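Hi,

Here is the structure I promised to pass on. Have a look at it first, and my notes on pockets and rings follow below.

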Amino acid sequence: MTDRAAEIFEKYRAKYGDNLQGCCPLIADEIQRAIGGEVVAGELTWYGGSCRRTHWWVEKDGKTIDPMGDAFLATEEYPGRERIHCSRTVFEQILPRYEQWRVTT
């Protein structure tokens, strides 16, 4: 993870604490704009794959940059991250639904 990605994530964690669900598109958008790469839609899995939730992260130069997902999955014994698509068009369509939670500063 880059320092800039960590800073963006920490900005949201400072505002929302552990209640970050719904912030992942905003965090991914800011990371992608700051460092480049692609915004990716996918799923996080935990409890050995029995629980799933949709999620957004950034991939750049073959690496996953996802401080929010990394923090969420850190305590899992068998965490997973499954890529579904990386359509910026789809991302731009859903992003306005989350703008009310964007942290600016």
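This is a predicted model: local features need pLDDT of at least 70, side-chain atom pairs count only at pLDDT 80 or more; totals for chains, interfaces and linings use all residues.

Phe-9, Arg-13, Gly-17, Asp-18, Asn-19, Leu-20, Gln-21, Arg-53, Met-68, Ala-71 and Phe-72 make up its lining, and its volume comes to about 170 Å³. Helix 1 (3-16) and helix 3 (67-73) each put at least two residues into that lining, with helix 3 giving the largest share at 3 residues.

Elsewhere, Arg-81 lies over the face of Trp-57, at 5.7 Å from the ring centre.

On to the largest pocket, which holds about 240 Å³ of space. It has 15 lining residues, and the ones closest to the centre are Cys-24, Thr-54, His-55, Trp-56 and Tyr-98. Helix 2 (24-35), strand 1 (38-46), strand 2 (51-60) and strand 4 (80-85) are the elements that give two or more residues to this lining. Strand 2 has the largest share, with 4 residues. By class, the lining of the largest pocket has 7 nonpolar, 6 polar and 2 charged residues.

Now the aromatics. The count is 3 aromatic pairs, and I'll go through two of them here. Trp-56 pairs with Phe-91 in a tilted arrangement, 4.8 Å centre to centre with 55° between the planes. Trp-56 is in strand 2 and Phe-91 is in helix 4 (residues 88-94), so this pair ties together parts that are 35 residues apart in sequence. Both partners count as buried because the cut-off is under 20% relative accessible area: Trp-56 is at 12% and Phe-91 is at 0%.

The other pair I picked out is Tyr-98 with Trp-101, where the ring centres are 6.4 Å apart and the planes are at 50°, so this one is tilted too.

Cheers

How values were computed: Residues are numbered from 1 along each chain as its sequence is written. Side-chain values use heavy atoms; hydrogens and water are left out. On a 1 Å grid over the protein atoms alone, a cavity is a set of points where a 1.4 Å probe fits but cannot get out, and a pocket is an open set with protein on both sides within 12 Å along at least five of seven lines; lining residues have an atom within 4 Å of a point. Grid points are joined across faces, edges and corners, and a volume is the space filled by probe spheres set on the points. Ala, Val, Leu, Ile, Met, Phe, Trp, Tyr, Cys and Pro count as nonpolar, Asp, Glu, Lys and Arg as charged, and the others, Gly among them, as polar. Rings of Phe, Tyr and Trp (its six-membered ring) pair if their centres lie within 6.5 Å; planes under 30 degrees apart count as stacked, over 60 as edge-to-face and the rest as tilted. Buried means under 20% relative accessible area, exposed over 50%, partly exposed in between (1.4 Å probe, protein chains only). A charge sits over a ring if NZ of Lys or CZ of Arg is within 6 Å of the ring centre and within 35 degrees of the ring normal.
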